[in-house]
Amino acid sequence: APDRLPPGAAYVRLPFNENGSKIRQMAEVIVNLRRMDEVMLQIYSGLAFETGAAKLGALLRILAADDRALPALIHCSAGKDRTGLTAAVLLSVLGVPDAVIDADYALSNRSYPAFYEGIARHTGSGWGMGLVADDIHPLLLADPVMLRSMFAHMRVRYGSVEGYLAECADVDEAVLAQLRARLLEPDDPEPA
């Protein structure tokens, strides 16, 4: 912070965490240090199925319909949870295989030392209410297991990621077709 945007960039704010949900998440973390994996799944569930679905849908509709929306920079404070889930869903509807999505998501772990150092500075200053950075290690990682759990839930409950988007995020097949047309290269012609 503050955001540093390239000259001429349009800024569209679509906060996934509203109405104190970030405070609730931090309280959940502090109370449940021994169950961090469960807490992370709850956080991701909230992002995908509660507070974030409408924002994710709004973003996908903007990317599909607005010529000025591309190229796009999608980010959040750490760039791994809200941004990671958003990028993963977008890649999924573009037909990218799950293993490639997982690998892309895990690239955020290159920033783990910086995340750890920043948290260690804050916990050392009293911010952590007795926590140390190692206590919240799972919060600092981009663990593809979280994405797999979210995708599995979407596919079981809604039949597919596209079904989830249609039912929860107001993204229909026409929007998905626009996204694919705008973001995918045409197939190479068959050799003669």
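This is a predicted model: local features need pLDDT of at least 70, side-chain atom pairs count only at pLDDT 80 or more; totals for chains, interfaces and linings use all residues.
## The nonpolar core

The largest nonpolar core has 36 residues. Tyr44, Val89, Met154, Tyr164 and Leu165 touch the most other members. Several helices give two or more residues to this core: H2 (36-50), H3 (53-65), H4 (82-93), H5 (98-106), H8 (144-158), H9 and H10 (173-183). In general, nonpolar side chains in soluble globular proteins tend to be buried together.

Tyr44 has contacts beyond its neighbours within four places in sequence. They are Lys80, Asp81, Leu85, Tyr105, Met146, Leu147 and Met150.

## Helix H9

Helix H9 covers residues 161-168. Its buried residues are Val161, Gly163, Tyr164 and Leu165. Tyr164 and Leu165 are also among the core residues that touch the most other members.

Ser160 caps the N-terminal end of H9. A side-chain oxygen of Ser160 lies 3.4 Å from the backbone nitrogen of Glu162. Asp170 follows the helix, and its phi is positive, near 55°.

## Salt bridges

The whole structure holds 7 salt bridges. One of them joins Asp67 to Arg182, with the closest N and O atoms 2.7 Å apart. Asp67 lies in the loop between H3 and H4 and Arg182 in helix H10, so this pair ties together parts that are 115 residues apart in sequence. Asp67 is exposed, at 62% relative accessibility. Arg182 is partly exposed, with a relative accessible area of 26%.

Another salt bridge pairs Arg148 with Asp102, and again the closest N and O atoms are 2.7 Å apart. This pair links distant parts of the chain: Arg148 sits in helix H8 and Asp102 in helix H5, 46 residues apart. Arg148 is partly exposed, with a relative accessible area of 23%. Asp102 has 16% relative accessibility; the cut-off for buried is under 20%, so Asp102 counts as buried. Both residues belong to a network of salt bridges that links Asp98, Asp102, Arg148 and Arg155.

Arg68 forms a salt bridge with Asp66, and their closest N and O atoms are 3.2 Å apart. Arg68 is exposed, with a relative accessible area of 72%. Asp66 is partly exposed, at 24% relative accessibility.

## A nonpolar surface patch

Leu5, Tyr11 and Leu73 make a nonpolar surface patch of about 330 Å². Leu73 is placed in the loop between H3 and H4. Its relative accessible area is 63%, so Leu73 counts as exposed.

Note on methods: Residues are numbered from 1 along each chain as its sequence is written. Side-chain values use heavy atoms; hydrogens and water are left out. Buried means under 20% relative accessible area, exposed over 50%, partly exposed in between (1.4 Å probe, protein chains only). Helices (H or I, at least four residues) and strands (E, at least two) are DSSP runs, numbered from the N terminus. A polar contact is a pair of N or O atoms within 3.5 Å; within protein, one must be able to donate a hydrogen and the other to accept it, and residues adjacent in sequence count only if both atoms are side-chain atoms. A nonpolar core is a set of buried Ala, Val, Leu, Ile, Met, Phe, Trp, Tyr and Cys residues joined through side-chain atoms within 4.5 Å. Contact means heavy atoms within 4.5 Å. Patches are made of residues with over 30% relative accessible area and no salt bridge: like charges are joined within 9 Å, nonpolar side chains (Val, Leu, Ile, Met, Phe, Trp, Tyr) within 5 Å. Accessible areas come from the Shrake-Rupley method with a 1.4 Å probe; for residues, only the protein chains shown count as cover. A salt bridge is a side-chain nitrogen of Lys or Arg within 4 Å of a carboxyl oxygen of Asp or Glu.
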